[in-house]
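Hi everyone, thanks for coming. Let me put the model on the screen, and then we can walk through it together.

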Amino acid sequence: MLKMPYQIVKNKHGRVNRQNIKRLTYNRCRINVEEAKCNNAIGQNSRINKLIGEREKREMNKTNRARILNVIMAISFIIVLAGIADAATITGSKHDLSSTSGGKYKASGTGADQLCSFCHTPHFGSSATANLPLWNRTTTASGYTMYTSATIDMTTAAQPQGVSAACLSCHDGVVALDALMNKPGSGLTGGALTFTPAITGNKMNATDNPASFISQNLSNDHPISITYDTTKDTKFIAAVAGKVGVLPLYGASKNQVECGTCHNVHDNSVSPFLRASNAGSALCLACHIT
Amino acid sequence: MNNCAVRIILLIISIQISLVAFMAIAQAGVINTKHNLSSSAPGTNTFKLAPGTGTDQVCVFCHTPHYGSTTSAPLWNKTVTTAVYTMYSSATLDMTIAGQPQGISAACLSCHDGTVAFDTFLNAPGSGFSKQGSWTWNGGKNDIKTSTSAYVSADLSNDHPISVTYDATKDPAFVVAVNGRVNGLPLYGSGRNQVECASCHDVHDNTNAPFLRAANGGSVLCLKCHIK
């Protein structure tokens, strides 16, 4: 009687209710219902046995839920680890212009094996694009035709800003691929590089790069350098801490949609350099409420 | 893991599930409508790509982030139609109709006139720059001509006028527009005074079939503009 794990209290009408069966012990071991029944002086009462059974079932469900959750957590952890191990890099992608690249273009010439140097430099980097880590290219400040629409409610800057200006320092075709602020090797200036296959003037253009050549005409491209403000248009998902879902916003206030919002320049595991899969237009729908 | 941690995690998961469920309910969206032509479309759609074929991207049939049309709706991904349209005319019409469909209506017609195939793009999905998907929909169809109700054709003489300059001063039997809207229905064009397909239709939302901006019970949609 004393070892009984359930305390059974009759109510004023002499009946036992579900809430009157209380567990006396709080360890995490399974309660042996049979033991409870044996030790129960009034255990022959089928109603009490039924209530004890129900109680036991609830305990079991709770334990099973915890087990399932543990399995889910373990699987998630493995997926995260796998993701880290598999993280693609720029090496070998189309953005790798170096002499060892397996991408579209291979450079040859002094320092042509340094793949980072096509965009970054440890010294004498551009200060024009403050948001960019040590950009090694001249950005173009003017001459762009920005996107406009009669139905757009948010505000677009007059010219491309920050990280987008950096992307355009190749993709607008104005600056040559090998026109670097600080060429690889000693001294600031190195020789010109040659690309294989050849690209006219070493600049991106409509003939050689029909898909990736954006030009300075951005009127047929998704707007960039746009201040993301869902109070101006409720058909957009609100940003949280400078991100809309997994997509980052840029600028000092972390509220600018730039090329880097959808694209990850360093990772082509989701071509064309997308931040996430666009299956089912998921990338579009990360911001847009249709 | 103690019980307290388990409970907190369960709570977080259940909140997330509820949020996702709520968003699915709260957003009508184009995904579950006939305007989803992709392989991820609802199974009941007439024009649905077979699973695993073509593309599962929904937006791409009309919009593209790059190389879109600048003359039509936002970043329109369809080739501009070359059709010559027969516009609506009437002896009793007082407002002015443009010579051919304008702006957003031209975009709608780039599918609904039947001259441009569903899989003809300005920029087809995926990396690279192709304009043609070369896909087929149920039974080999790839344009709207086989549809009996959605095929508007290039003959617009039997359709409500579009690309009409809405001007209630020309006809007092119309409600005056306020800030480019007539009782909530939007007007288009740079002057925000053009009646286009989208004045009555919301291409992204089929809550009020067929893609109406509001339910038309009691003809309330008609009566938002017309004083009868």
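Which residue just after helix 3 of chain A takes a positive phi? That is Gly173(A), with a phi of about 75 degrees.

A quick word on what we are looking at. This is a predicted model, where local features need pLDDT of at least 70 and side-chain atom pairs count only at pLDDT 80 or more, while totals for chains, interfaces and linings use all residues. Residues are numbered from 1 along each chain as its sequence is written, and chains are lettered from A and ligands numbered from 1 in the order in which they are written.

Let's stay with helix 3 of chain A, residues 162–171. Helices here are DSSP runs of H or I with at least four residues, strands are runs of E with at least two, and both are numbered from the N terminus. Nine of the ten residues in helix 3 are buried, so the helix is largely enclosed by the rest of the structure. Buried means 20 or more other C-beta atoms within 10 Å of the residue's own; exposed means 12 or fewer, partly exposed is in between, and C-beta atoms are placed from the backbone. Among the buried ones are Val163(A), Ala166(A), Cys167(A) and Leu168(A). The cover over them includes strand 9 and helix 4 (259–262) of chain A.

Strand 9 brings us to a sheet. In chain A, three strands make an open, antiparallel sheet in the order 4-6-9. Strand 4 (155–156) and strand 9 (256–257) are at the edges with a single partner strand each, so one side of each has no neighbour in the sheet. Strands 4 and 6 (residues 226–227) run antiparallel and are joined by two bridges; pairing requires at least two bridges found by DSSP. Thr156(A) has Ile226(A) as its bridge partner.

Now over to chain B, which has four helices and five strands, running α-β-α-β-β-β-β-α-α from the N terminus on. Of its 228 residues, 32% count as buried. Chain B has an open sheet too: three strands in the order 1-2-5, with antiparallel pairing. Its edges are strand 1 (96–97) and strand 5 (194–195), each with a single partner strand, so one side of each is left without a neighbour there. Strands 2 and 5 of chain B pair over two bridges, and Val164(B) has Val195(B) as its bridge partner.

What about the loop between helix 2 (103–112) and strand 2 (164–165) of chain B? Ser153(B) is found there, and this serine is partly exposed, with 17 other C-beta atoms within 10 Å. Ser153(B) and Leu109(B) are 44 residues apart in sequence, yet 8.0 Å apart from C-alpha to C-alpha.

On to the cores, meaning sets of buried Ala, Val, Leu, Ile, Met, Phe, Trp, Tyr and Cys residues joined through C-beta atoms within 7 Å. The largest has 37 residues, of which Leu37(B), Ile104(B), Ala107(B) and Phe118(B) touch the most other members. Helix 2 and helix 3 (197–200) of chain B are the elements that give two or more residues to this core, and the largest share, six residues, comes from helix 2. A second, separate core of 27 residues includes Ala165(A), Leu168(A), Leu193(A) and Ile226(A).

Finally, how many residues of chain B are in contact with chain A? There are 28, in contact with 22 residues of chain A, where contact means C-beta atoms, placed from the backbone, within 7 Å. Thanks, everyone!

Note on methods: Two residues are in contact if their C-beta atoms, placed from the backbone, lie within 7 Å.
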